[in-house]
Structures are given as C-alpha cells and as structure tokens.
Amino acid sequence: MHTFRFRFWPLCAALVLALAGCSDNQNAGNGDSTAGTPEPPEYPVTWRFALEEIEGSVQHAYAEALKERIEERSDGRILIDICPYGSLGTSTQLTELVRNGSVNLAFASPGHLADKVPEAGIFTLHFILPEDSQITRQLLASPELTGLFEQPYARQNMKLLGFVPEGWMAWTADKALRTPEDFQGLRIRTMTSNMAEEAYRAYGAEPSQIPYSQVYSDLQLRKIDGQSNPVFAIEEMDFHEVQSTLTLARPAQFVSSVISNLEWYDSLPENQKQWLDNALKDVAEIAWKTQEELNQTRLEKMLEEGQLSVVRLTDAERKAFREASRPVRDIYLERTGESGQKILEKLLQLIEEFEAGSRESAVSGNGG
Ligand code: 6CS
C-alpha cells in the first residue's frame, strides 16, 4: 500500500506552494530564482522542477538523476528543487506554471498538452511507434524529429528540452479488452486533451478527460470503467486495487516531454545553459533503464499480489486494434495541418530508416 493518497489539490494551494518551494530540505542561498527574469547569477541558484508523477516514479527517478548531474556539473552553483505530483497541481496547471514563469522545469505529457500544442498529440496515436523499443528510443533522441516540435512548443512560450519514453501503455478495466468491440460503450479515462480521447473513440469507447489525481476515486466510485497507463504507474497509483484486469496490448509508448519557460531558457547565462543541456544528455540513458526496470518489477509485484488478472494480446488481436486505430491519424492531421503532416512523415520515414539499419546490423552481426 502506498502512503501517497493524492486527491485533487486546488490551484490556490498549488500557487502558495509554488512560491514556497517543494522539497523538505530547501537549502538554496537565493532560492527564489524566477523563471523569465534574467538576473546576474548570484550562486547558488535554485531551479524548480515540477513532476506529473509521485515519488518513486519514472519522472521522479529522471528528476533525481538530473538534479545530481546538474549539481555536480555546476559544482553546487545550481540546485534543483524537485516538486513531485501532489505538491503543485495537475499536469495542465504545471504547464501553466512553466509558461507564466513560476516554475523553471516541468514534465508535460502530450496526452495533456495536445490542446495547447496539437503537434504533440502524435504521441497519443496508437500503433504508430515501432515494436522495437530501441528504435523508439533512437527516434525520440533524433534532432531531425525533435527539431520539428521546437516551434510548436515555442509558440506557447515553452522550450522543449526532450522527450522521455516511459514504457508501453496498458489498459485496466473489470474485464479483458481483447477486441475493439470490448470497448463499445466503455467509459474510459483519458488524459486531458481532446486528441487523447480520439484513440479510444475509434474503438467505440466513451472517453472522458480526467486529471491523474482523480482517476483512482473515479474508478472506485464506478464513474468510469477503465483507464490506460504504463504498468509502473498503474501499480504506484494503486489502480490495480480498483480494477480486476490488466490488458497488455502495447498500443503506444507513454511519451512525456521535459519543458522549460522559453524566455527563462533563452536568457540563461551560457555556462548554466551548458550545465543544463549536458545534464539532459546524461540522463536520457538512465531514464530508459529506469522505466524498463520499474515496468518489469511492478508487473511482477502486482502478479505476486494475485488480485489482478493479466491478459497479453496476441498479434492477431493487436492487428484488429491497429486497423481500428488507423483513421485517427487523419484526425491528427486535421488538427495540426502542415506542421503535423511534416512530423508524421518524418516519424514514419525515420522508423523505416532505423528499422532498415537495425536489420542490416542484425545480418552483419550474424556473419551474413
Ligand atoms: O495518466 C496520466 O495522466 C499520467 N500518467 C503518467 C504515467 N504520467 C504522467 C501523466 O500525467
């Protein structure tokens, strides 16, 4: 049982805490660096990093690793104050806190962000990312792809600092979800953007947008029938306590983005920018390993507890979902126009290239 029992925090509490800082051990000399306000550095400077997930999560491990790297690289001149989910607000509120300069860094998952940055909604599409997770990793680190998101984020006063994959999405409900027909009329929770709903509408479900913090109680009160998240999150948010069946369908990778306030980033002194950029590069590998490990061990934990039935879809079962999901690409294109089209084309082109590259290296590795 997790000690965390996050329920909805009103925005005013979020703002009070935003000004006060998040961690228990605030030790910054001038802990009130304000995003968007360039000032001559008076060290140490504290940057607030807001998470959409609780302590112990993939985002938390990422933030801890980033904190360690930046504090080390800057020799203690930059301190990171990590604000786990529950200390500031919902995902949408965190994005606003970055945009208005109250918070320096934050996670912003495309499933929540897509109303504001429609191009990011590509990561809500099902059966678009490759089967091979290593290729997804390569894709999300490719400047050819990530560069196409720079403008869409910048238009909303955000700097995209990177995409972070957090593992395959899995479905929970009180029944197995083996076919699109099983979704008919299912009241499924989605993240809080219109685009996030479309993937499930395509299967005949009745989606509703609900903040992460409210999902447990809505499942418990039977206001909704199911939800979708990576396995580590299902376990740490205790959704398995209020759902009977986990369906492993691998429809999409959960991808989040790390953002900062654009003006804040642009006005950082060159040395600080370097510390940040280099630390971000350092942590990509760690984040990947953490998500693999957490998704695996938490699945094992839930299986050991024995309350949850686990269903793995066959290739044939997944094919029916793949086909049903296809029209949603057109909805994405309608909402994003030319810039979304470029992103979709580049994504598909890079997948082909990377898959060809990995086939070639498999052949040469086999001496063929
Ligand atoms: O479902 C959600 O809303 C959340 N899920 C995860 C795994 N991370 C953050 C996001 O807000």
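## Overall composition

The chain of this predicted model has 368 residues, of which 55% are buried, and its secondary structure comes to 13 helices and ten strands. Among the contacts in the chain with a separation of 6 or more, 77% are accounted for by residues 24 or more positions apart.

## The largest pocket

The largest pocket holds about 660 Å³ of space and is lined by 24 residues, with Leu 140, Ala 141, Leu 161, Gly 162 and Phe 163 lying nearest its centre. Four elements each supply at least two residues of this lining, namely helix H5 (133–140), helix H6 (143–154), strand S4 (158–173) and helix H11 (270–305). Sorted by class, the lining of the largest pocket consists of 15 nonpolar, three polar and six charged residues.

## Enclosed cavities

The count of cavities of 30 Å³ or more comes to five. The largest cavity contains about 200 Å³ of space, and of the 18 residues that line it, Phe 123, Thr 124, Met 169, Met 191 and Ala 196 lie nearest its centre. Two or more residues of that lining come from each of helix H4 (110–113), strand S5 (187–190), helix H7 (194–201) and strand S9 (253–261). By class, the lining of the largest cavity has eleven nonpolar, six polar and one charged residues.

The second largest cavity contains about 110 Å³ of space, and the closest to its centre among its 15 lining residues are His 112, Met 191, Tyr 212, Asn 229 and Phe 254. Strand S7 (227–230) and helix H9 (231–236) are the elements that give two or more residues to the lining of the second largest cavity, which divides into six nonpolar, five polar and four charged residues.

## Packing of H6 against H13

Two packed helices are described by the angle between their axes and the distance between the axes. Here the axes of H6 and helix H13 (residues 328–365) come within 10 Å and cross at roughly 170°, which means that H6 is roughly antiparallel to H13. The contact brings Glu 144, Leu 145, Leu 148 and Phe 149 of H6 together with Lys 342, Ile 343, Lys 346, Leu 347 and Leu 350 of H13. These residues divide into six nonpolar, no polar and three charged.

An α-helix has 3.6 residues a turn, so residues three or four places apart point the same way. The contacting positions in H6 include Leu 145 and Leu 148, and those in H13 include Ile 343, Leu 347 and Leu 350.

## Leu 160 in strand S4

Leu 160 lies in strand S4, an element that also supplies residues to the lining of the largest pocket. With a relative accessibility of 10%, Leu 160 counts as buried. Apart from its neighbours within four places in sequence, Leu 160 is in contact with Thr 146, Phe 149, Tyr 153, Ser 257 and Val 258; of these, Phe 149 is also one of the H6 residues that meet H13. Leu 160 and Leu 262 are separated by 102 residues in sequence, whereas their C-alpha atoms are 8.5 Å apart in space.

## Helix H3 and local backbone features

In helix H3 (residues 91–99), the buried residues include Ser 91, Gln 93, Leu 94, Thr 95, Leu 97 and Val 98. Gly 101, which follows H3, has a positive phi near 90°.

Most residues other than glycine have a negative phi, and most peptide bonds are trans. Phe 127, although not a glycine, has a positive phi of about 55°; this residue lies in the loop between H4 and H5 and counts as buried at 6% relative accessibility. Arg 222, likewise not a glycine, has a positive phi of about 60° and is found in the loop between helix H8 (215–220) and S7, but Arg 222 is partly exposed, with a relative accessible area of 48%. A cis peptide bond, with omega about -5°, joins Tyr 43 and Pro 44, and Pro 44 is found in the loop between helix H1 (11–20) and strand S1 (45–50).

Notes: Residues numbered from 1 in each chain as written. Predicted model: local features only at pLDDT ≥ 70, side-chain atom pairs only at ≥ 80, totals over all residues. Heavy atoms only, no water. 1 Å grid on protein atoms, 1.4 Å probe; cavity = no way out; pocket = protein on both sides within 12 Å on 5 of 7 lines; lining within 4 Å. Points joined across faces, edges and corners; volume = space filled by probe spheres on them. Nonpolar A, V, L, I, M, F, W, Y, C, P; charged D, E, K, R; others polar. Axes fitted to C-alpha atoms, helices over the stretch in contact; angles between N-to-C directions. Parallel < 35°, antiparallel > 145°, perpendicular 65-115°, else oblique. Contact = heavy atoms within 4.5 Å. Buried < 20%, exposed > 50% of the residue type's maximum accessible area, 1.4 Å probe, protein only.
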